[in-house]
Amino acid sequence: MSDEDAPAGEPADDERKQDRYYFDRHTPEYRHRFEEVTREMQETCPIAWSDSYGGHWVAAGNREVFELARSAEYLSNDNDLRGERRGYKGITIPTPERVGGVRGGFLEMDPPEQRYYRQALNPYLSPAAVVRWIPLVDEMVRACLDERIETGRIDFVDDLVNIVPAVLTLAMLGFPLKHWDIYCEPAHAVIYTPPGSPDAPRLAELHKAMGMDLASQFFEIKQHPRPGLVNALINLRIDGEPQPDIELLGTIGLLIGGGFDTTTALTAHALEWLSEHPDERERLSRERDTLLDAATEEFLRYYCPAPGDARTFTADCAIAGTRFKEGERVWLSWAMANRDPAVFADPNSIDLARKGNRHNSFGLGIHRCIGSNIARMVFKRMLTQVLDRMPDFRCDPAGAVHYDTIGVINGMRQLPAEFTPGPRRGAGLAETLEALQRTCDDQGLAEPVTAHRAAGKVGG
Amino acid sequence: MKVRVDPQRCQGHTLCAMNAPTMFELDEVDGHSSAVSEDVPAGQEEQVAEAAHSCPEQAISLF
């Protein structure tokens, strides 16, 4: 511990930080050179010090990310916005300007507080809880596809993969389904719109409308409880105390952020890849009973919708061969760890039947994505219904729009496609959502699985 | 072959149950896994080995 008191720039720090790599994941260049940067870092400095954004560590190697992510005793997710604890800055590098005094729910908390939040929400999000929603998700997908099926044209982002995750997230929160479009555009656009964009003022207005609806739903549920994740948060007690509204609102924001843009990003990319590989698409459709699970994990590994998280060291420590100091920050790159040839053979290729696919796309350790079971289910239900109803879809590469940067989400804004038209099977989206709202309300589907085990029954 | 899930390491990724559905049970409330039995029945070894290999937290031990 003798070098603990050494001022910055002393040999001790130089020695600790001798593996250096200038890492800026927010530049378009990082997106274009992702495979090259990953290879360089994994070969020369799987943990590196970067001078970007005030200086922070970057973990790019699979073993290094694994060991760091699971060292919860030395890592903090805390975002101490008001300087009440140790002044740590949460999971984002750099600290986003838009935070506005709200931390990112339990993803920016440490145990034991974080654990209480997760325990309150787990019974809504476990595999047993999520499976109850399948009939409703199928009906949402059916309605989205019916809106386009007769035309032979669809934008997979606008017309399907933006909508279904949004509607389902609201249903699980206990919010009105038909409000999905108040949330949808701002929730996605906040990720892909750079500060200073000409579109920023319009988006700020949309964001305000979303925030107002969110707050009004929250206070309404507080006064007149109705089942869902929000009700669970309102009923959460830690040491007998209800949690501050600001923390609950931050958590709802986290659930919306986590529920919307990630599954959208994954599904859009998978559809784009399948359009480019029609033989693989045909094989996946034909062999789905045995191949769909593995293919889902492989799309998760390869496209890694949420490419990483930051942590702060809570004590001086040595992990994976590097010495860190209390207060230093590290970026854990799930996306780069997923491309490490030490764990994944031919890591930059998609192998739908890949074995031993222990990817990091839902994170590792105590902060594992709490929505992972929903993400997989919604992805599979959207994908298989597209394979069944639009089996010959061809995405238009000229119309596909990827996010300019992949610093926050590896997402897509547009994915137009053509296909052989087919017949409708039922009502359009608006009418379907009205019916599904009644289904949710009448059957208590937003209750936790501990209170309500039966799967939803649609129609009839 | 025997199998065990370390409850301290398991975080509920569910890959084990995906690979060997008859051998791993997921908790209804938090999705964390446990082995249905410590002894792996004949014919299940390959699936269980794949489950262990696929676990993101490396929480499954075979012995």
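By buried I mean 20 or more other C-beta atoms within 10 Å of the residue's own, with exposed being 12 or fewer, partly exposed in between, and the C-beta atoms placed from the backbone. Strands here are DSSP runs of E, at least two residues, and helices are runs of H or I, at least four, both numbered from the N terminus.

Before I go on, a quick caveat: this is a predicted model, so local features need pLDDT of at least 70, side-chain atom pairs count only at pLDDT 80 or more, and totals for chains, interfaces and linings use all residues. Residues are numbered from 1 along each chain as its sequence is written, and chains are lettered from A and ligands numbered from 1 in the order in which they are written.

Back to strand 7 of chain A, residues 308–313: six of the six residues are buried, so the strand is largely enclosed by the rest of the structure. Who does it pair with? Strand 10 of chain A, residues 329–333, runs antiparallel to strand 7 over five bridges, and Thr312(A) has Arg329(A) as its bridge partner there. Strand 3 of chain A, residues 75–76, is also antiparallel to strand 7, with two bridges; Leu75(A) partners Phe313(A). Pairing, by the way, takes at least two DSSP bridges between the strands.

Next, another sheet. In chain A, three strands make an open antiparallel sheet in the order 4-14-11. Strand 4 (153–155) and strand 11 (394–395) are at the edges with a single partner strand each, so one side of each has no neighbour in the sheet.

Now the contact between chains. It uses 21 residues from chain A and 16 residues from chain B, contact being C-beta atoms, placed from the backbone, within 7 Å. On chain A, helix 5 (113–125), helix 6 (127–130) and helix 17 (372–389) each give two or more residues to the side touching chain B.

Last, the overall picture: chain A has 18 helices and 14 strands, and 47% of its 460 residues are buried. Its C-alpha atoms fill a box of roughly 75 × 55 × 45 Å along the principal axes.

How values were computed:
Contact = placed C-beta atoms within 7 Å.
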